[in-house]
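Me: I've got a protein open on my screen and I'd like to work through it with you. Can we go one question at a time?

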Amino acid sequence: MTVAFVSACSSAGSPAGTSSRPTFAGYPPSAVAPSPTQSSAPEQAALSAWSGLWAALARSAEIPDYDGRLLDDYATGDALTILRGTLQEWRREGIVTKGRPVQHPQAKSVSPAGNPTTVTLTDCGDSTTWLRYYAKTGDLVAGEKRARRKFTATVNRAGGGWRVSEYTIGPANSC
């Protein structure tokens, strides 16, 4: 399986305001957001984890960091496995990315009501400015379907923070 914005579907936190990850030249401080903490409001923490995940993925594919260790603060379970697999596939194919995906996430539900540990969110992710290139030649990968796609994601409180555990991706132009 491959990651969102490419062509397929899938089914630890630092204190607020700090990050255990390095800063990245050329990216604004919010480009790789610190991992949300348990003390954050669940909806906001889930949205931060989702946005941080895509910023870390874009950065990982650009460096290249094909081990995907930048994703560790934002993903777990199936989501982390799929995204790391995508990075490894891109490495085998000699692909890097330029640009960044754009998200518009919204929290849809939290559960359980009294002490939320799960947030479901939706997003209309836009990959039209996040492009894949062959590292050796600099040529754009042909046949890319850059589009806006509907996402549904599950974000769980795990490992001292909030992490995306699974997501599904709609077809091109589904939102």
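This is a predicted model: local features need pLDDT of at least 70, side-chain atom pairs count only at pLDDT 80 or more; totals for chains, interfaces and linings use all residues.

Me: Let's start with a hairpin. How many residues does the chain use to join β2 to β3?

Reply: β2 covers residues 106-111, and it pairs with β3 in the antiparallel sense over five bridges. Inside that pairing, Val110 stands opposite Val119 of β3. The hairpin that joins β2 to β3 does it through six residues.

Me: Okay, zooming out. What pattern do the helices and strands follow along the sequence?

Reply: Count the pieces first: the protein has two helices and six strands. Now read them along the sequence, and you get α-α-β-β-β-β-β-β.

Me: Which element gives the most residues to the largest nonpolar core?

Reply: That core has 36 residues, and the ones with the most contacts inside it are Trp50, Leu53, Leu71 and Tyr167. Several elements give two or more residues to it, including α2 (77-93), β3 (118-126) and β6 (161-169). As general background, nonpolar side chains in soluble globular proteins tend to be buried together. Here the top contributor, with eleven residues, is α1.

Me: Leu71 was on that list. Which residues is Leu71 in contact with, leaving aside its neighbours within four places in sequence?

Reply: Leu71 is one of the residues with the most contacts inside the core. Skip the neighbours within four places in sequence, and its contacts are Leu53, Ala56, Leu57, Leu80, Leu83, Arg84 and Leu87.

Me: Is Trp50 buried or exposed?

Reply: The cut-off for buried is under 20% relative accessible area. Trp50 comes in at 0%, so it falls under that cut-off.

Me: Which residues make up the aromatic cluster?

Reply: Tyr167 also pairs edge-to-face with Trp54, at 6.2 Å centre to centre and 75 degrees between the planes. Trp54 lies in helix α1 and Tyr167 in strand β6, so this pair ties together parts 113 residues apart in sequence. Trp54 is buried, at 1% relative accessibility. The one cluster they belong to is formed by Trp50, Trp54, Phe151 and Tyr167.

Me: Now Arg146. Is Arg146 buried or exposed?

Reply: Arg146 is in the loop between β4 and β5. Its relative accessible area is 18%, and the cut-off is under 20%, so Arg146 counts as buried.

Me: Last one. What percentage of the residues count as buried?

Reply: The protein exposes about 8,000 Å², and carbon and sulfur atoms supply 52% of that. Going by residues instead, there are 175, and the buried share is 46%.

Methods. Residues are numbered from 1 along each chain as its sequence is written. Side-chain values use heavy atoms; hydrogens and water are left out. Helices (H or I, at least four residues) and strands (E, at least two) are DSSP runs, numbered from the N terminus. Buried means under 20% relative accessible area, exposed over 50%, partly exposed in between (1.4 Å probe, protein chains only). Accessible areas come from the Shrake-Rupley method with a 1.4 Å probe; for residues, only the protein chains shown count as cover. A nonpolar core is a set of buried Ala, Val, Leu, Ile, Met, Phe, Trp, Tyr and Cys residues joined through side-chain atoms within 4.5 Å. Contact means heavy atoms within 4.5 Å. Two strands pair if DSSP finds at least two bridges between them. Rings of Phe, Tyr and Trp (its six-membered ring) pair if their centres lie within 6.5 Å; planes under 30 degrees apart count as stacked, over 60 as edge-to-face and the rest as tilted.
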